[in-house]
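Here's a quick briefing on one protein chain. Have a look at the model first, then read on.

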Amino acid sequence: NSQGGANPPPSNLHPLNLGEQIWKNGRLQSLCISEYCNNISYKLSGQIPTSIGNLKFLESLNLHDNMLTGEILPEIGNLSFLKYLNFSDNYLTGTIPFEIGNLTYLETFDIGSNYITGEIPPEIGNLNFLEVIGMWNNALSGEIPSEIGNLINLRYLDLNKNDMSGA
């Protein structure tokens, strides 16, 4: 097995150095894979795995400026302790899942400069701690949901370069 026993791992095996990680009590609390966090010289590609929803104690997820494709998965709603989420400057498509409304501790939500379509789900109004929304340069459409008016801590909203209406 990988924990020792009859088949221990090789003695020269080292942990995977993947971005900047902060662990607390054996749980991943913060993950940043972006050149802005730690001057990495690689970019992630492919889709965000559904297993992202298993990181239930994650407070910060920064995947800014990678080459991620596919959709923002509904499993993102399982990250109930998340405060910071940055998927900006990738190649993400699809719509914003309504499960985003489960992230009640979220303070920053940045999905700017992707290919996100559809409307902003009204569940965004559940995010009472939200201070920053970056959804610039996507293909969002429809009306700006009135529920955004419920966000009393909101200090920055960027919906520039979309096809939205409303005030």
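This is a predicted model: local features need pLDDT of at least 70, side-chain atom pairs count only at pLDDT 80 or more; totals for chains, interfaces and linings use all residues.

What follows covers the fold, the sheet and the core.

Numbering starts from 1 along each chain as its sequence is written, and side-chain values use heavy atoms, with hydrogens and water left out.

**Fold**
- You get 1 helix and 12 strands (DSSP runs numbered from the N terminus: H or I of at least four residues for helices, E of at least two for strands).
- In sequence order the pattern is β-β-α-β-β-β-β-β-β-β-β-β-β.

**Sheet**
- An open, mixed sheet takes in 7 strands, ordered β1-β2-β4-β6-β7-β9-β11; two strands pair if DSSP finds at least two bridges between them.
- Its edge strands are β1 (20-24) and β11 (156-158), each pairing on one side only.
- Strand β2 (residues 27-32) runs parallel to strand β4 (residues 60-62) over 3 bridges, and Leu 31 sits opposite Leu 61 in β4.

**Core and burial**
- Of the chain's 167 residues, 41% are buried, meaning under 20% relative accessible area with a 1.4 Å probe, protein chains only.
- The largest nonpolar core has 34 residues (buried Ala, Val, Leu, Ile, Met, Phe, Trp, Tyr and Cys joined through side-chain atoms within 4.5 Å).
- Leu 61, Leu 85, Phe 87, Ile 96, Phe 109, Ile 124 and Met 135 touch the most other members of that core.
- Leaving aside residues up to four places away in sequence, Leu 85 touches (heavy atoms within 4.5 Å) several residues, including Leu 61, Ile 76, Ile 100 and Phe 109.

Conventions: Buried means under 20% relative accessible area, exposed over 50%, partly exposed in between (1.4 Å probe, protein chains only).
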